Amino acid sequence: MRVGFHNGVVILPDRVLEDGVVVCEGARVVSVGARPRRLYSVDEWVDARGGYISPGFVDIHVHGGDGADFMDGTPEAVIRANRCHLRHGTTTIFPTTTTGSPAQVRAMLKACTAVKKQDLAENGARIGGVHFYGPYFAPDKTGCHSLAGCRAPARGEYLKHFATGIIRIATCAAELPGAEAFYREARRRRCLVTCGHSNASWDEMDRAFRAGMRHVDHFWCAMSSVSSLRTRFGTPMRAGMEQFVLANEAMSTEVIADGCHLAPDLLEFARKLIGPARLCLVTDANRAVDQPPGRYRFGPATDGSWFESDGEVGWMPGRSSLASSVRCLDFMVRHMKEATGASLPEVVRMASLTPAERAGVAKQVGSLEVGKRADVLLLNRRLQVRAVFLGGKRQG
Ligand SMILES: [Zn+2]
Ligand SMILES: [Zn+2]
């Protein structure tokens, strides 16, 4: 069965094809071009109605949605969140842990493994792997995660987690004792190795880099700065994570482009200085996505820390600081396009190919290219998701 998408602008990583055609056979893309429609042999045409034909989005940092947090640790919760993100255009997802006990992390890994094994389109966005994120955070940069759950990496613990084989992205604060051994183990397992919730200095980042660290979580959020390092070390003032990423071409990072975490000037700065090949859009979304404003738990339903959603973003109690986002990648793509000078291919690349490359799944997903999975979105001219195709099959 060959399905062709036509009457739309095809978004490629480096350009658009006006009035382009994408043809899928089974679950794969078999042709991308802009020849007249009659030259393609196709069983069924899908009309993009003058909108965009886009690759499905890839989210490498996401905690939940539609009432569920991945740390709830059940297949039902995983499916609920994955369905929510699929409706908003995310076709490949990396469920992300928070701080929690080893048993809670194990339950989350087990639930994600079970759902990934089923490999059913009705389970929502396909799991590319797990982002093992909490609990190895610096105590002075916990953000909205519970401090009680934070700890230094314990080899006995993380070896068991890695042995599940589902972890593809691994985070640890670079200054924690044992961080380098953790990074080396994660690199050995071909994970994207990342430093987050950290107050690391340039020297600590440099050591981490040599151990395999190549990415920094949510740029400007819960990370070191010249002023936070001054608090830690006094004078002379010194460089930290920000300078290390900007100065090092091999490093990538990500932004939460929900319009609440970072002002347009910082988004534009990141786009210009880091660029679409090294900058990912992530949601860092919590369970309050597509839910009414109110109080929710971040992390496990039983004992995660409380936050408040106002419908636009999550807040720590008392609204002293932000507590992750309540938006999906479709929103981030629209906002990034509106708030910065990025072209449409650049914005979509940051939400698809770049995260896919960094997470090591770009051979299968991340762009509309021959041989890759037919994860296709139809967007209208305002970049709202009109239809989602997972492996060539229409969802919803
Ligand atoms: Zn975080
Ligand atoms: Zn997060």
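User: What makes α1 and α2 a crossing pair of helices?

Analyst: The axes of helix α1 (residues 75–87) and helix α2 (residues 102–118) come within 8 Å and cross at roughly 65°. Axes are lines fitted to C-alpha atoms, for helices over the stretch in contact, with angles from 0 to 180 degrees between N-to-C directions. Helices are DSSP runs of H or I with at least four residues, strands are runs of E with at least two, and both are numbered from the N terminus. This is a predicted model: local features need pLDDT of at least 70, side-chain atom pairs count only at pLDDT 80 or more, and totals for chains, interfaces and linings use all residues. Residues are numbered from 1 along each chain as its sequence is written, while chains are lettered from A and ligands numbered from 1 in the order in which they are written.

User: Which residues of α1 and α2 meet?

Analyst: Pro75, Ala77, Val78 and Ile79 in α1 meet Ala111, Cys112, Ala114 and Val115 in α2. Contact requires C-beta atoms, placed from the backbone, within 7 Å.

User: Why do β6 and β9 count as paired strands?

Analyst: Pairing takes at least two DSSP bridges between two strands. β6 and β9 (residues 90–95) have 4, in the parallel sense. They therefore pair. In one of these bridges, Asp59 is partnered by Ile93 in β9.

User: Why are β6 and β10 called edge strands?

Analyst: The open sheet of 3 strands runs β6-β9-β10, with parallel pairing. β6 (57–62) and β10 (126–127) each have a single partner strand, so one side of each lacks a neighbour in the sheet.

Note on methods. Contact = placed C-beta atoms within 7 Å.
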